[in-house]
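Visitor: Please take me through one part of this model in close detail, and state the cut-offs behind each term as you use it.

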Amino acid sequence: MAFCGLTFFLLTLFYLVTVYSRPTGVHLRNMEGFIQAVQQVEHSNPGLPPLALVRALRRTAGHDDVMTIHFLGASNNLSDADLLETAILNTSSFSFFDKAIHHIVTDHGEERGVVLTRDGTTVALVPLLLGIESGLNAKMEEVAAAGIFPLTFGRTLGLSFLSLQDFPPSHRLGPDGCWDNVEHPRVFKLSQPATLATDAMINGGMDGLILGTDLSNLTASEQPQALSEILRGYYNFTLSEGQGMDAVSSQISPRRRELSRSILESVDLHSQVMETLALVWKLEKTEWISMDTGVGKAVKDGLETFVKKYWDCPQIIPRCQWGAKPHRGTPIPLSLPLQYLYIHHTYEPSSPCLSFPSCSRDMRSMQRFHQEDRGWADIGYSFVVGSDGYVYEGRGWHHLGTHTRGHNAIGYGVSIIGNYTATLPSRYAMDLLRHRLVQCALHGGGLVSNFIIHGHRQVVNYTACPGDAFFSEIRTWEHFSE
């Protein structure tokens, strides 16, 4: 690299670190900010291969553990040219990338090394980047991507299952959390004590698995995109009006649960996790891992919980994430399981919401209307389904709603945002309700196995909810009763 070019590169990176460390820049912990920082490095050094850059990021964040080296090699094991770029990256922007990527949970429950994505979910960068590196490495070396599962999922899940064997399986995964401010995110606090497999780690693992697998499957004639473009294509998308998720065939973040399941459902997950744990024991000399029958049972129980929680259930955006105001008074607990599921449409807002900001605004608007105009304690619905690929928490699984007069104590009330008098919700939104949310309720003990689906209009005389078109549709659903 010529002296002028090197000087320009150093000045650009110095500008990047200085500017984006300010409160209004990439110091905000969102995915778009991280992508912009990566893009700055790429623009400063045209032609830098994405594999060299992702390796440099791994080195900067100090993630050269023995298992990663086993599958991917040491991050400083590069050609002289790539090593030069790695050294420049480390000296010029070490602080930013180290803080952005390095994953820890503090004693106060703050999870670091995670970013807020545009769809409202939170992703840990380490498993995401390891998955991408595994896929790029397999593509460049023309070898099988053997490390994708252990590095994105296997190690995290296995160690989490074992570290909390004295706890029920449901307490060995998660939790989720909330940001201090979704528009200007800086601090992410977990809702409960952390496991090794927080929701952000699992989201990052799913995303790393999906993107890494996609990259490893590129043909010999196909060249991978720049790292910033790989990330932007997956996280920064726009859904089309009228069709929403129904028109999506590409790999985007709201589909992470179904996509990761499609990749792994033919794999013997139990064997894969057990093999990963055996490798951990071999490489890291971890004394407390004993490969006995108790380990096998812990992995089996943990995987059953994982499948139910992260593949059968939809991603539910928690109240704190969409900006809910507190419940007025003391919430009244439900007596579970419930017998009924009551289906609604919101009518107003009348248009489907197609993004996290739009759906969040609709949730806040409905809560304001229900609390201020109706005088209710909270938003009335138990859950609300957006057309952005997500379910939004209202009163939730355990608290009495105000959705179906005279029937609130015996059923959940779930609404899809929009007016469905003449048109149907997107197929994707209906499937989230009909299959995923219902399955989650059954697994979690929220609904009895022979529950009954009713439209709102069937039990309340003065309403046409959930709209003529939508009501005609739900009459064809299993569990519907006249």
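Guide: Ser228 lies in helix α9, which spans residues 227–235 (helices are DSSP runs of H or I of at least four residues, numbered from the N terminus). The model is predicted, so local features need pLDDT of at least 70 and side-chain atom pairs pLDDT 80 or more, while totals for chains, interfaces and linings use all residues. Residues are numbered from 1 along each chain as its sequence is written, and side-chain values use heavy atoms, without hydrogens or water.

With a relative accessible area of 2%, Ser228 is buried (under 20%, with a 1.4 Å probe and protein chains only). Leaving aside residues up to four places away in sequence, Ser228 touches Ile35, Val38, Gln39 and Glu42 (contact means heavy atoms within 4.5 Å).

Burial also marks helix α8 (residues 199–216), where 16 of the 18 residues are buried. From first C-alpha to last, α8 reaches 25 Å, close to the 26 Å expected at 1.5 Å a residue (1.5 Å times one less than the number of residues).

Helix α6 (residues 125–141) packs against α8 at an angle of about 15°, their axes 7 Å apart (axes are lines fitted to C-alpha atoms over the stretch in contact, with angles from 0 to 180 degrees between N-to-C directions). The two helices are therefore roughly parallel (angles under 35 degrees). Residues of α6 in this contact include Gly131, Ile132 and Gly135, and those of α8 include Gly204, Gly208 and Leu211.

How values were computed. Angles under 35 degrees count as roughly parallel, over 145 as roughly antiparallel, 65 to 115 as roughly perpendicular and the rest as oblique. Buried means under 20% relative accessible area, exposed over 50%, partly exposed in between (1.4 Å probe, protein chains only).
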